[in-house]
Each structure stands twice: as C-alpha cells, then as structure tokens.
Amino acid sequence: MKLSSLSAGQTVYEVVRRKMGNTSLSTVAVVPVRIEAVDEFTGFVRARWNDGPARSFQERQWKKWRLKRPVLVDCGSGRQRLATAAEKRSAGGSRRVWR
C-alpha cells in the first residue's frame with residue numbers, strides 16, 4: 001500500500017492472526033480501519049482501528065493494510081484462512097467462502 005492511495009474518510013482492511021481462546025489454534029480476522037487524516041510530510045496516518053479511538057500509525061503499520069476486503073475460507077472448528085487465487089475464482093467447492 002502507498003501513502004498516496006490513502007485519503008480521509010476511506011475504509012481499508014488489516015488482516016491479523018489471532019489465537020482462539022486458551023488453545024494453540026489460530027485463525028485469521030479481517031479488521032476494518034477508518035482513516036481520519038493522512039500526513040504525507042511525516043508519513044503518519046491517523047485512523048480508527050476496529051472502531052476504537054483514533055491513533056497514529058507509522059509506515060510499517062499502514063503498509064500492511066489492504067484496499068479491498070480479503071476473502072476468507074472457513075476451515076472448520078471456527079477457524080478461517082485467506083482464500084487462494086483459485087478459490088477466489090471458483091468461489092465454490094466443498095469449502096465455504098466468506099466475503
């Protein structure tokens with residue numbers, strides 16, 4: 001992601017890996033990030049992560065954000081993962097694809 005592609009009022013998405021409770025199982029979550037201000041001079045972005053209070057993000061943090069919401073695939077037992085390119089094209093088969 002480039003700083004020039006971000007603007008105030010825009011919603012982008014961050015993909016985070018989380019543990020499922022007190023187990024060794026992990027899942028992938030897509031979190032919305034609402035941008036409030038972009039400072040091109042310093043490279044900081046002021047945004048609300050998951051509708052929390054606004055805070056500043058450095059380049060190493062906002063570089064991982066995505067403009068389009070990623071597609072997740074249900075793996076069973078409540079786990080999800082990112083869809084492969086083939087799964088995005090077909091959007092069918094035995095696995096359930098979430099959008």
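**A walk through the model**

Mentor: Let us begin with R18, which is found in strand 1, the stretch covering residues 11-19, and please keep in mind throughout that this is a predicted model.

Trainee: Okay, is R18 buried, exposed or partly exposed?
Mentor: R18 has a relative accessible area of 38%, and because buried means under 20% and exposed means over 50%, R18 counts as partly exposed.

Trainee: And which residues is R18 in contact with, leaving aside its neighbours within four places in sequence?
Mentor: Leaving those neighbours aside, R18 is in contact with L25, S26, T27, A29, V31 and W49.

Trainee: What about R79, how many residues apart along the chain are R18 and R79?
Mentor: They are 61 residues apart along the chain, and in the model their C-alpha atoms are separated by 10.0 Å.

Trainee: Switching topic, which residues make up the largest nonpolar core?
Mentor: That core has 10 residues, namely L3, L6, V12, V33, I35, V45, A47, F57, W62 and W65. Strand 2, which runs over 26-39, and strand 3, which runs over 44-49, each supply at least two residues of this core.

Trainee: Now the charged ones: how many salt bridges does the structure hold?
Mentor: It holds 4 salt bridges, and one of them joins R34 with D51, where the closest N and O atoms are 3.6 Å apart.

Trainee: Why does that pair tie together parts that are apart in sequence?
Mentor: R34 lies in strand 2, whereas D51 lies in the loop between strand 3 and strand 4 (54-57), so the pair ties together parts that are 17 residues apart in sequence.

Trainee: Are those two residues buried, partly exposed or exposed?
Mentor: R34, at 36% relative accessibility, counts as partly exposed, while D51 has a relative accessible area of 59% and is exposed.

Trainee: Which residue forms a salt bridge with E59?
Mentor: E59 forms one with K63, and the closest N and O atoms there are 3.6 Å apart. E59 counts as partly exposed at 43% relative accessibility, and K63 counts as partly exposed at 47%.

Trainee: Last one, where does E87 lie?
Mentor: E87 lies in helix 2, which covers residues 85-90, and its side chain meets that of R81 in a salt bridge, at 2.7 Å from N to O. The side chains of E87 and R81 are also joined by a polar contact of 2.7 Å.

Trainee: Why does E87 count as buried?
Mentor: E87 has a relative accessibility of 17%, and buried means under 20%, so E87 counts as buried. R81, at 24%, counts as partly exposed.

Key:
Residues numbered from 1 in each chain as written. Predicted model: local features only at pLDDT ≥ 70, side-chain atom pairs only at ≥ 80, totals over all residues. Heavy atoms only, no water. Core = buried A, V, L, I, M, F, W, Y, C linked by side-chain atoms within 4.5 Å. Buried < 20%, exposed > 50% of the residue type's maximum accessible area, 1.4 Å probe, protein only. Helix = DSSP H or I, 4+ residues; strand = E, 2+ residues; numbered from the N terminus. Polar contact = N/O pair within 3.5 Å; in protein donor to acceptor, adjacent residues only side chain to side chain. Contact = heavy atoms within 4.5 Å.
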